[in-house]
Amino acid sequence: MTANIKEKKPKYRLNPNGEFIIENYNFSAPFASFFPGIAGKYGIPMWLFYVNRGQAIASFGTKDKDHSILEFFPANKSWQFTPLQGFRTFIKIHTGKKFSFYEPFHNGFANAGFSLINRMSISSYDLKLRETNITLGMEVCVEYFTIPSDSYAALARIVTIKNTGKSDKDIEVLDGLPQIVPFGTSNLFLKKLGRTIEAWMTVKNLEKGVPYYKLDVDPVDRPEVLHIKEGNFFLGFHYESGRPKVITPIVDPETIFGPVTDFSSPFKFLAAGNFRYPKEQLIKSRMPAGFSLLKMRLPGGAEKTFYALIGYMRNQEILNSSVPGIIKPEYLAAKRRENKSIIEGLQRDIATESGLREFDLYARQTYLDNIMRGGYPLLFKSDSKTSVFYLYSRKHGDLERDYNKFHL
């Protein structure tokens, strides 16, 4: 491979849909932002922070830092860690007994020989990434949004891989997170007792194809034993001939990365000519992962889409009973539309049409930001009085205000 290390100039623009577009975002000045964390009147909100590095998602979870699913780090650490500890996609394209390796949206040396173009599309309610590998004739798209109005909280991730060339491509794909924090692991344990807390970590439900990450008991020093029922989960699936199929994920990072403990390279994935789902995995006493493995032949011009939900459930029984409904073809599409509708419905109060489109969009966004700080008033009238409840209000926080003990 011939190195082709060149800094690319970022470009910024608004598209006709009002999305803010950053071309070559990995080379733009680093910034940090967040999703609104609004799941409708009856949903479970999720906090989520993103940066313009790697595959963007820096950390997310429910309630506060003590309920993270992807560990919270401040902005400067997130710019460093997100390309390695955030979402990763590893692709092998086979040609006979040889293969080409490609990791989309990554500035690592493995991609130095490729001609790449990528962009980030930001809206008030979702985030999209797209990268074109001109050298290999491939395009990869990723879309993120959170699930509203349901009995659980989750981040939805939709990945589409397209063969932009003319000939067939035989492809192996690993896609997911190198680390998923089991429920019950507080921020204190992650930051100060990260090795010790691993002894409490376990992965349940793998036999059902949807791992459930949790601590068995509360690790706080107390006389009584408090068992934990709540958990975080990873649900990966795709469609074959229109029918949903759950992808049992790999949860032991060592089976993918081997001795490369910084996650910079998927050593075992690369070392295997034909990587297979591991026969054995360590599911206790190690910070677990969540990776979907797919193998496919893509004809020229064809594409393949697969899905993942990573989130929180109240117990394992609710998780298993919810899966059949979640993987129905229309479920995610409906939740994506509903998420957009909820956010745009709130912004409609301040609909502005001036001579400057940028100002109109700014008014909508700053209004949404203030709802997140002060809440959205709902009036409840009775015979004697009127009460006000401020929906969606929370203690605020972001990656650059790492001192805030935010609370949704």
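Residues are numbered from 1 along each chain as its sequence is written, and side-chain values use heavy atoms, with hydrogens and water left out. Since the model is predicted, local features need a pLDDT of at least 70 and side-chain atom pairs count only at pLDDT 80 or more, while totals for chains, interfaces and linings use all residues.

The protein has 7 helices and 21 strands, where helices (H or I, at least four residues) and strands (E, at least two) are DSSP runs numbered from the N terminus. The radius of gyration, taken over C-alpha atoms, is 22 Å, close to the 22 Å that the globule rule gives for 408 residues, so the protein is as compact as a globular protein of that length; the globule rule is 2.2 Å times the number of residues to the power 0.38. Along its principal axes, the C-alpha trace spans about 80 × 65 × 45 Å. Of the 408 residues, 52% are buried, a class that means under 20% relative accessible area, with exposed meaning over 50% and partly exposed in between (1.4 Å probe, protein chains only). Among contacts (heavy atoms within 4.5 Å) between residues at least 6 apart in sequence, 63% join residues at least 24 apart.

Empty space was examined next. Rolling a probe the size of a water molecule over the atoms shows where empty space is left. On a 1 Å grid over the protein atoms alone, a pocket is an open set of points with protein on both sides within 12 Å along at least five of seven lines, a cavity is a set of points where a 1.4 Å probe fits but cannot get out, and lining residues have an atom within 4 Å of a point. Grid points are joined across faces, edges and corners, and a volume is the space filled by probe spheres set on the points.

The largest pocket has a volume of about 850 Å³ and is lined by 36 residues, of which Tyr 50, Ile 122, Ser 123, Ser 124 and Gln 365 lie nearest its centre. Strand 3 (32–34), helix 6 (329–347) and helix 7 (357–374) are the elements that give two or more residues to this lining, and helix 7 gives the most, with 8 residues. By class, the lining of the largest pocket holds 13 nonpolar, 8 polar and 15 charged residues; here Ala, Val, Leu, Ile, Met, Phe, Trp, Tyr, Cys and Pro count as nonpolar, Asp, Glu, Lys and Arg as charged, and the others, Gly among them, as polar. The second largest pocket contains about 430 Å³ of space, and its lining of 18 residues has Gln 179, Glu 198, Thr 261, Phe 263 and Met 287 nearest the centre. Two or more residues of that lining come from each of helix 1 (75–85) and helix 3 (254–257), and the lining divides into 8 nonpolar, 5 polar and 5 charged residues.

The count of cavities of 30 Å³ or more comes to 2. The largest cavity has a volume of about 110 Å³, and of the 15 residues that line it, Phe 34, Trp 47, Arg 394, Gly 397 and Leu 408 are the closest to its centre. Strand 4 (residues 47–51) gives the most to this lining, with 3 residues, and the lining of the largest cavity has 10 nonpolar, 3 polar and 2 charged residues. The second largest cavity has a volume of about 90 Å³; among its 14 lining residues, Ala 58, Leu 70, Glu 71, Phe 73 and Gln 85 are the closest to the centre. Helix 1 gives the most to the lining of the second largest cavity, with 4 residues.

A salt bridge is a side-chain nitrogen of Lys or Arg within 4 Å of a carboxyl oxygen of Asp or Glu, and by this rule the count comes to 21. Lys 191 forms a salt bridge with Glu 71, with the closest N and O atoms 2.8 Å apart, and this pair links distant parts of the chain, 120 residues apart. Lys 191 is partly exposed at 39% relative accessible area, whereas Glu 71 is buried at 12%. Asp 170 and Arg 297 also form a salt bridge, their closest N and O atoms being 2.6 Å apart, and the pair connects strand 13 (residues 169–177) with strand 18 (residues 290–298). Asp 170 is partly exposed at 28% relative accessibility, and Arg 297 is exposed at 55%.
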